[in-house]
There are 2 protein chains.
Amino acid sequence: MAQLRIAMAQVNPVVGDLEGNCAMAADQVRRAAGAGAHLVVFPEMVVTGYPVEDLALRNSFVSASIKATHALAERLAADGLGDLPVVAGFLSRREGVGARFGQPAGAPQNSTALLHQGRVALTSAKYHLPNYGVFDEFRNFVPGDALPVVRVRGVDVAIAVCEDLWQEGGPVTAVRAARAGMLITLNGSPYERNKDDVRLELCQRRAREIGAAVGYVNMAGGQDELIFEGDSLIVDAEGDLVARAPQFEEALLVTDLRLPDAPVPAPDVREADGIRIVRYTASSAPAEPYTPAEPVLTPRPDPVSDVGEVYQALVVGLRDYVRKNGFASALVALSGGIDSALTATIAVDALGADRVHGLLLPSRYSSEHSLADAEDLVERQGITGRTVPIQPMVDAFAEGAAGTGVELVGLAAENLQARVRGTLLMALSNQEGHLVLAPGNKSELATGYSTLYGDSVGGYAPIKDCWKTLVWELARWRNAEAARRGEVPPVPENSIAKAPSAELRPEQLDSDSLPDYTVLDALLDAYIGTDRGYGELVTAGYEPELVERVIRLVDRAEYKRRQYPPGPKISSRNLSRDRRVPITNRWTP
Amino acid sequence: MAQLRIAMAQVNPVVGDLEGNCAMAADQVRRAAGAGAHLVVFPEMVVTGYPVEDLALRNSFVSASIKATHALAERLAADGLGDLPVVAGFLSRREGVGARFGQPAGAPQNSTALLHQGRVALTSAKYHLPNYGVFDEFRNFVPGDALPVVRVRGVDVAIAVCEDLWQEGGPVTAVRAARAGMLITLNGSPYERNKDDVRLELCQRRAREIGAAVGYVNMAGGQDELIFEGDSLIVDAEGDLVARAPQFEEALLVTDLRLPDAPVPAPDVREADGIRIVRYTASSAPAEPYTPAEPVLTPRPDPVSDVGEVYQALVVGLRDYVRKNGFASALVALSGGIDSALTATIAVDALGADRVHGLLLPSRYSSEHSLADAEDLVERQGITGRTVPIQPMVDAFAEGAAGTGVELVGLAAENLQARVRGTLLMALSNQEGHLVLAPGNKSELATGYSTLYGDSVGGYAPIKDCWKTLVWELARWRNAEAARRGEVPPVPENSIAKAPSAELRPEQLDSDSLPDYTVLDALLDAYIGTDRGYGELVTAGYEPELVERVIRLVDRAEYKRRQYPPGPKISSRNLSRDRRVPITNRWTP
């Protein structure tokens with residue numbers, strides 16, 4: 001057995017910021033070298049950020065990524081770090097393939113590079129291209145066909161990318177034939193509730209299958225609608241967990257391992273399962289024996305605090321969306337209700353109270369407690385709060401319409417109020433530069449209980465993937481957390497306790513037109529999350545009329561959902577990116 | 001040689017309307033039978049409509065499609081049409097495959113059914129699954145593996161689906177080995193400018209390759225952002241055009257052909273190129289000799305009227321979007337400018353003047369000619385026109401903001417006017433039930449010269465895939481067409497002739513901040529349409545500063561584009577469905 005000190009850089013690149021990402025990577029390599037690492041590994045497509053989506057089809061972008069990766073290798077050598085092998089994901093292309101009808105233009109690949117001695121010494125590309133849920137990789141990439149095996153300090157380390165670990169066959173299956181001592185996978189694996197357990201179990205299973213240790217390096221941070229969880233880890237060949245990085249935050253996980261000596265001479269296996277095996281020797285002599293450091297094994301929160309994990313994910317998603325899009329502050333309309341209260345609270349935790357601005361926009365239908373609860377929240381959290389009563393604007397529209405003989409009543413009058421609020425938010429956003437946050441929850445989005453261009457305005461919707469019942473849980477969890485820390489609970493108790501209402505007409509309550517949220521959310525989750533149709537839902541015990549009504553609401557709300565701002569995804573079916581359904585659709589199950 | 005009378009039903013199904021689509025299909029079969037057809041063929045997925053997108057992943061939807069297809073076969077037999085073989089596309093599934101990670105849930109397939117004697121006698125599925133541009137089929141379907149060959153009146157007819165004709169290899173290649181006398185392909189092939197020529201050439205090439213006649217049956221009509229062009233056609237084994245249906249409208253193309261006698265016994269070829277060959281005999285005896293009818297050969301407009309073809313596509317797209325989404329009328333804000341004038345004109349051609357409502361929303365910055373030109377348009381076209389001056393509402397917002405110490409100036413004040421207009425449009429839409437049309441053109445969308453929740457409100461954007469220069473061409477073409485017919489030209493000459501302006505501040509002109517549209521559109525098309533980067537654009541002769549500025553505008557406008565309403569696609573890169581780029585993106589080429 002040989003010793004190997006491996007550094008896994010759990011980092012947070014920005015899509016498109018090639019220069020910034022490479023500077024960050026160089027910095028991490030310096031840190032890893034300082035810690036005595038023998039090998040440094042970065043996540044999937046760290047050079048370009050991930051996911052690049054259709055940017056992969058831009059020839060100039062692919063060229064820029066290749067150039068930046070070569071420049072990074074040179075820069076590391078110039079910094080005296082050329083001896084240290086570095087594995088990094090980048091965007092590349094399959095050379096020598098002509099344009100083929102139906103194939104991604106320019107044959108781009110989701111690639112890995114081994115940087116060594118100032119050069120890109122070896123490249124390979126992802127073989128399994130996921131094209132489901134949030135992934136569109138079959139659309140944007142052509143697959144690789146090789147398993148690279150790098151000899152470092154007398155240990156053979158194989159390299160694969162993300163989905164290659166999840167699917168059967170391909171490079172991971174070839175690891176055993178290649179007789180590598182360890183498999184490293186580079187990942188951009190988005191957060192989903194409880195996915196960390198699945199991820200660990202997968203690594204354990206694969207390690208036992210291939211008879212080698214598995215290192216899993218992931219990104220940490222938000223990118224558009226995705227949140228990368230971090231949770232980088234190493235399991236040994238028996239599947240036992242050896243090291244684990246924290247969730248949601250950047251980390252350099254340096255771990256000492258004992259791994260099988262690389263066979264000498266190297267096995268003459270050129271191919272296995274249709275995968276070419278390509279080898280490179282960075283250093284063949286084992287490391288001089290040394291005393292290994294204790295591995296970092298960040299404890300996972302126990303299952304009870306799953307809600308806390310979601311909260312943390314939402315904070316990270318918002319923080320990075322604001323930062324990566326170049327905003328300095330956020331603006332949120334405070335109605336006194338739970339959705340806007342939770343949205344503001346997440347924003348304060350992500351950005352700090354001084355960068356969150358509340359706008360109180362009472363109408364003639366706002367109850368007294370609404371304004372009081374919103375003011376209470378402003379005070380508890382120390383954010384800016386400004387009040388603009390909306391009636392004069394609503395009246396001006398009503399008069400304008402009346403001038404053409406139209407009286408705005410019913411839904412038109414209700415929506416008008418929401419749109420006056422939306423216009424005010426956008427006016428202040430334009431004037432002062434804030435990112436407007438839309439406070440809609442997933443139950444609302446699913447059923448279409450929101451107003452286009454009204455409460456749906458904004459650039460980001462922090463709780464759009466949270467059912468209403470989860471919104472309450474999150475608020476309660478956050479308050480309990482504050483109490484535990486001896487701080488003022490940020491969410492007004494009354495916002496949590498009171499019956500939800502849009503307050504767009506007198507005495508309106510959500511319960512007038514919707515069932516209790518406990519029932520509604522379970523039904524919605526069964527319909528959207530687990531794809532049950534009318535028949536199955538009725539068999540499961542839901543009232544037929546309710547099922548029919550709810551399904552109809554969901555199917556008719558598709559247009560509104562498309563127009564809704566993006567938001568952090570925390571479940572596998574989140575109503576937006578994952579679900580592409582026709583607007584013109586006459587079918588309900 | 002045997003005679004065969006084939007009926008190709010170029011129809012316009014509605015996605016999800018299984019009942020309506022099957023009733024329509026039954027009606028077409030009756031008509032075809034009345035015309036003495038020996039074989040009836042429908043387009044791709046006619047039972048469900050196309051494209052179904054993620055509905056394919058709904059198990060209950062797949063089951064409903066299968067059930068509806070069987071019911072259609074029974075119904076035809078009950079109507080005394082069971083002897084007549086009918087080929088129809090439907091949504092089905094590959095049976096006997098378990099759930100596999102990364103594979104579309106439920107293994108749905110884009111399938112064909114042969115309906116005969118009250119049964120689904122034979123099924124197969126699309127082999128090549130396009131996953132580029134507007135297509136996401138690899139995401140939603142699993143591929144088929146068979147080429148069905150149906151013996152009808154002593155002729156062997158092979159069946160394939162759309163993309164199978166476009167790509168190399170697969171079922172179409174197997175046709176020669178199967179020794180079929182004709183290949184029929186079922187299509188849902190979206191319109192693109194000049195694609196009809198490409199389509200004909202492809203059919204001709206394939207016919208010569210496989211040594212058999214090729215029949216191409218396509219849909220006609222709009223579905224969401226797609227417009228199906230019709231243009232169904234037949235070429236003989238030498239590649240000569242035999243019959244052709246009109247563009248954009250429904251038609252039953254009945255054609256008499258002379259085709260090779262089917263080999264007796266049937267060739268014992270079970271497989272070719274990895275494709276299973278499956279056979280079914282509907283009738284082995286050739287038809288009694290009869291005098292063939294003259295084939296229908298709809299002439300194509302000559303290349304000069306390409307603009308007229310685009311205009312027709314836009315009218316069809318709007319008409320079907322309104323109808324299929326259950327609206328009765330459309331509402332459009334008339335600024336006196338060319339974009340809203342063309343939008344209204346298309347709407348009137350699609351829906352009739354009595355179903356189009358104009359709203360004139362002058363502000364203090366509207367020039368005198370704006371109102372006059374808008375009124376001129378109302379009068380020329382005989383639509384409803386109502387005027388609501390927006391200043392009182394704008395003032396109410398300014399006062400509301402001032403109440404919190406904020407003065408709205410510059411962009412905030414400009415956008416406010418657009419948003420007041422948007423709110424008025426939506427109020428009238430809610431009150432009266434119109435679909436609001438957004439008048440943005442492609443140059444505007446590309447560069448981000450529109451206001452979120454302002455001029456971008458609405459449910460459909462008829463000219464969003466038309467460069468500004470094309471907008472002028474379309475208006476001129478439509479006026480010339482009116483003159484040709486001796487009618488009043490619908491678009492006011494002044495709207496065409498005057499310099500474009502958003503009129504959101506005094507004396508504002510588009511040319512203040514943008515180059516001449518002839519230059520801009522060419523540059524945008526080079527950047528977006530043909531994917532050239534900064535370097536290539538500068539080499540091509542564009543001013544470096546202009547290239548940099550325009551690229552930056554385009555890349556920064558991604559969020560606005562996503563929030564823009566859908567509209568008919570007329571080019572292969574239309575900025576919305578076809579282009580999925582990260583919002584958080586720091587890269588410009």
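## A tour of the two-chain model

Start in chain A by selecting A:Leu233, which stands opposite A:Arg244 in β13(A). This is a predicted model. Together β12(A) and β13(A) make a hairpin, with five residues between the strands. In the turn, pick A:Gly239, whose phi is positive at about 90 degrees.

Stay in chain A and go to A:Pro265, in the loop between β14 (251-259) and β15 (271-272). The peptide bond leading from A:Val264 to A:Pro265 is cis, with omega near -5 degrees. For comparison, most peptide bonds are trans.

Now show both chains. Chain A can be laid on chain B by a turn of 180 degrees and a shift of 0.0 Å along the axis, with an RMSD of 0.0 Å. The two copies are therefore related as by a two-fold rotation axis. Both copies use the same surface, and 100% of the contact residues of chain A recur in chain B. As for confidence, the model scores ipTM 0.95 and pTM 0.96. Chain A has a mean pLDDT of 94, and 98% of its residues reach 70 or more.

Hide chain A and turn to the sheet of chain B. In what order do the six strands of the open sheet lie? The order is β5-β4-β3-β2-β1-β14, with mixed pairing. Select β5 (119-125) and β14 (251-259) of chain B: these stand at the edges, and each has a single partner strand, so one side of each lacks a neighbour in the sheet. On average, neighbouring strands of this sheet are turned by 30 degrees against each other, direction ignored.

Then select helix α1 (residues 18-34) of chain B, lying across β1 (2-10), β2 (39-41), β3 (86-93) and β14. This helix runs at about 45 degrees to β14(B).

Between β2 and α2 of chain B is a loop that holds B:Pro51 and B:Glu53. The peptide bond from B:Tyr50 to B:Pro51 is cis, with omega near 0 degrees. B:Glu53 is not a glycine, yet has a positive phi of about 50 degrees.

Finish with the helices around α13 of chain B. Select helix α7 (residues 306-324) of chain B together with α13(B): the two pack at about 95 degrees, with their axes 9 Å apart. At that angle α7(B) and α13(B) are roughly perpendicular, because angles of 65 to 115 degrees count as such. Residues of α7(B) in the contact include B:Val307, B:Tyr311 and B:Leu314, while those of α13(B) include B:Leu470, B:Trp477 and B:Arg478. By class, this contact has seven nonpolar, one polar and two charged residues.

Last, select α13 (residues 468-484) with helix α16 (residues 517-529) of chain B, which pack at about 120 degrees with axes 8 Å apart. This angle makes α13(B) oblique to α16(B). Here B:Lys468, B:Thr469 and B:Trp472 of α13(B) meet B:Tyr517, B:Thr518 and B:Asp521 of α16(B). These residues divide into two nonpolar, two polar and two charged.

Terms used
Residues are numbered from 1 along each chain as its sequence is written. Chains are lettered from A and ligands numbered from 1 in the order in which they are written. This is a predicted model: local features need pLDDT of at least 70, side-chain atom pairs count only at pLDDT 80 or more; totals for chains, interfaces and linings use all residues. Side-chain values use heavy atoms; hydrogens and water are left out. Two strands pair if DSSP finds at least two bridges between them. Helices (H or I, at least four residues) and strands (E, at least two) are DSSP runs, numbered from the N terminus. Axes are lines fitted to C-alpha atoms, for helices over the stretch in contact, and angles run from 0 to 180 degrees between N-to-C directions. Contact means heavy atoms within 4.5 Å. pLDDT is the predictor's confidence in each residue, from 0 to 100. Copies are superposed by least squares on the C-alpha atoms of residues with pLDDT of at least 70 in both. Angles under 35 degrees count as roughly parallel, over 145 as roughly antiparallel, 65 to 115 as roughly perpendicular and the rest as oblique. Ala, Val, Leu, Ile, Met, Phe, Trp, Tyr, Cys and Pro count as nonpolar, Asp, Glu, Lys and Arg as charged, and the others, Gly among them, as polar.
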